[in-house]
Amino acid sequence: MHPITVVHYIFLSAALLAVGAIGVLTRRSIVVILMSIELILNAVNVNLVAFSKYLGNINGQVFSIFVITDAAAEAAVGLGILIALFRNKETVNADEVDILKW
Amino acid sequence: MIDTFLFYVFALLALGGGILTITRRNTVHSAIWLITSLLGVAGLYLLQGAEFLAGVQVILYVGGIMVLFLFVIMLVNLGQESRQKPFTGQRWIALACIAALLVQTLLFVKAGSGQFRLGEPGGGFTVQGLGNSEQISRTLFSQYLLPFELASILLLVAIIGAVVMAKKRI
């Protein structure tokens, strides 16, 4: 088996990002869309940590902490919006929220 | 050798959990598989010597954000949603876009590593002889002090926003 290099992590990160993007684009339920966004942010973090290790520089890991902070804020606000939406429209499907469409 | 094996185990956990997350009909199952995926990513952090981030990942994502997700799933009562079709009508367009991304990645692989250069690998972390958490905290509280404070303001705004939107009457 080959030793694991930074390239392995880059391709894993690309695959995770693709999975998350498929989730965001194809799922109807807003809850699963928010989960897919978490997957995408995790892909970013894998990349940052891999390059932090590769370049011998701690800044990548500090950036990952900021990304995790953003993910927490985004989940809280997104789920708040979801609850407000469910109270007003009785649905959590993204394609049924179409009052701006014509 | 053991590192290689562990990398593939954690990569399989992360990717397999992610794929199952976006394909399950039941939202609660999606959440459980997302936890698996996040734990796999935490294992990858451990493998790269980022122990602090692995701890933050487990405590904050698995312990905090996922509990929040499960609470909301319970609140909006997704019982009948799992019987509807889970994908939107635009899924073929989306899959075409992802296929284009895949082709680009394969072109990179085909070009080989000689065509594009990564940076030179560094000699190690800047301050030797310190633990991972100590290095992160020293950088965070000196070089990144202003972004750190701004992050606290961001979290405050997020708290207020979440409370305001979840309230029945403002």
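Good morning. Chain B is divided into two domains, domain 1 covering 1-81 and domain 2 covering 129-170. Taken over C-alpha atoms, the centres of domain 1 of chain B and domain 2 of chain B are separated by 22 Å. Please keep in mind throughout that this is a predicted model.

Let me stay with chain B for a moment and turn to helix 2, residues 27-47.

I now move to chain A. Helix 1 of chain A comprises residues 6-26, and helix 2 of chain A comprises residues 30-55. Their axes come within 8 Å and cross at roughly 165 degrees. An angle over 145 degrees counts as roughly antiparallel, and helix 1 of chain A is therefore roughly antiparallel to helix 2 of chain A. The crossing of these two helices is left-handed. By class, their contact has 19 nonpolar and six polar residues, with no charged residues.

Next, the interface between the chains. How many residues of chain A are in contact with chain B? There are 60, and they meet 68 residues of chain B. Helix 3 of chain A gives the largest share, 21 residues. The side of chain A that touches chain B divides into 41 nonpolar, 14 polar and five charged residues.

In one of them, helix 2 of chain A packs with helix 3 of chain B, residues 51-76, at an angle of about 175 degrees, and the axes are 12 Å apart. These two helices are therefore roughly antiparallel to each other. From helix 2 of chain A, the contact is made by Val31(A), Met35(A), Glu38(A) and Val49(A). From helix 3 of chain B, Leu53(B), Ile65(B), Phe69(B), Val72(B) and Ile73(B) take part. By class, this contact has eight nonpolar residues, one charged residue and no polar ones.

In the other pair, are helix 3 of chain A and helix 3 of chain B roughly parallel or roughly antiparallel? Their axes come within 10 Å and cross at roughly 5 degrees. Angles under 35 degrees count as roughly parallel, so helix 3 of chain A is roughly parallel to helix 3 of chain B. Helix 3 of chain A contributes residues including Ile65(A), Ile68(A), Ala72(A), Leu79(A) and Phe86(A). Among the partners from helix 3 of chain B are Leu53(B), Leu60(B), Gly64(B), Leu68(B) and Val76(B). The residues of this contact divide into 18 nonpolar and three polar, with no charged residues. Thank you.

Methods
Residues numbered from 1 in each chain as written. Chains lettered and ligands numbered in written order. Predicted model: local features only at pLDDT ≥ 70, side-chain atom pairs only at ≥ 80, totals over all residues. Helix = DSSP H or I, 4+ residues; strand = E, 2+ residues; numbered from the N terminus. Expected span 1.5 Å × (residues − 1). Axes fitted to C-alpha atoms, helices over the stretch in contact; angles between N-to-C directions. Parallel < 35°, antiparallel > 145°, perpendicular 65-115°, else oblique. Left-handed = near helix turned anticlockwise from the far one by under 90°. Nonpolar A, V, L, I, M, F, W, Y, C, P; charged D, E, K, R; others polar. Domains from an automatic or database assignment. Contact = placed C-beta atoms within 7 Å.
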